[in-house]
Amino acid sequence: MSVEGWEIKKIDELALVDQETLSESTDKNFCFYYIDIGSIIEGNLLIPSNTITFKEAPSRARKRVYFSDVLMSTVRPNLKSFVYFDRTDNNYIASTGFAVLSAKDGVDPRFILYSILSDKITAQIESYIVGSNYPAINSNDVRNLQVLTPPFVEQQQIANILSTVDRAIAQTEALIAKQQRIKTGLMQDLLTKGIDENGNIRSEETHEFKDSAIGRIPVEWDVKTLADLAEVDRGKFTHRPRNDPKFYGGDHPFIQTGDITSHIGRIVYKYTQTLNDRGTLVSKEFPKNTIAVTIAANIADTAILGISMFFPDSVVGVKVFKPNNTRFVEMMIRHFKPVLDGLAPQSAQKNINLEVLRPLKIPTPKPQEQRIIGELYNSLDSSQANEELILQKLSALKTGLMQDLLTGKVRVTPLLENSGGTAP
């Protein structure tokens, strides 16, 4: 597609590639931070906490990195371990598994980063590695990658827009991580100490605790088995049809292990398979609010059904007796996941059965306290879920903007005109 004022340029017209490398004569005591492929996780650069000397460093530690360089992994480039380098000191050395791109005058390095992340460049990279047993490209391949390139001020504006979205994504990810830490810590406290009538988490310094079969618990609590708190039953396929097409493809929601492990601790409405009427004869239906518990491969992953569903025999349904609280019981099963996992035979296909799950000892407060604990957890989880939804929308926005802005489909020219022709 032709875009007025834009040119197709090779990367080596936009940037110097690997402009400086360490030689074998480098001072053996030269200290630096070493950046390898594993240092880039989901587009974020994790700087090692300690420096190493040249004599200690792996032989791949060779490429100098400076402020505003772009690191582009040439090993498994489909993973897109690419990042803009924003550190201002100059003692960073990257692995030879990277191409280090240093923008030339009149080129915004952030524009280079977003360009190499684009679908157009991905397709070019894939053409270089077709037929290779090892998914990698070399620096010469990088130099020859072709980028649809606007004038400098337009590059800046595109980079500013995408950087703004990236900052919003990073801030949202940080908030989600913080919420997860709070939720994990609160869950640990609530399920071992509980909450008193004044809304305070108990401690042995201020509240009375007692010994029990599973350790110290608040004096107000009892120890019950899961079978005391809920009906526990398998989804049981009578004839284990697995993927027999005679049983699948109807109107009846059928939840599988993967549906649960991708929604751990959440209310689940989604399912990847359905049963027909014949399939319902060999599988058990469980109502809304049943706790789904995996008992094979991933032991004791849990989710709560948002609608009624059928189960395979690798999933157990836990229907909580009133007045016990479903969320509280789900949290407890998840809390004891390491215990249940340890009870599974250590074989290639780990699994547990009802004889392991039903006798599980659970510290149990009165129903009112169970409800309060469940509501506190739900409130935090709901806030986190909202932020995760925002993150999904931001990621989709970035994908759409990259497609539009980097191809010239949507021009930023009106923005430039409004700002007097310069980037903000």
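Helices here are DSSP runs of H or I with at least four residues, strands are runs of E with at least two, and both are numbered from the N terminus. Counted this way, the chain has 13 helices and 25 strands. Its radius of gyration, taken over C-alpha atoms, is compared with a globule rule of 2.2 Å times the number of residues to the power 0.38. The chain comes to 28 Å, well over the 22 Å that the rule gives for 424 residues, so it is more spread out than a compact globule. Along the principal axes, the C-alpha atoms fill a box of roughly 70 × 60 × 50 Å.

A word on the model: it is predicted, local features need pLDDT of at least 70, side-chain atom pairs count only at pLDDT 80 or more, and totals for chains, interfaces and linings use all residues. Residues are numbered from 1 along each chain as its sequence is written, and side-chain values use heavy atoms, with hydrogens and water left out.

Next, look at contacts, meaning heavy atoms within 4.5 Å. Of the chain's contacts with a separation of 6 or more, 75% join residues 24 or more positions apart.

Now find helix 5 (residues 152–192) and helix 9 (residues 326–335). Their axes, lines fitted to C-alpha atoms over the stretch in contact, come within 11 Å and cross at roughly 105 degrees, with angles running from 0 to 180 degrees between N-to-C directions. Where do they touch? Met187, Gln188, Leu191 and Thr192 in helix 5 meet Phe328, Met331, Met332, Arg334 and His335 in helix 9.
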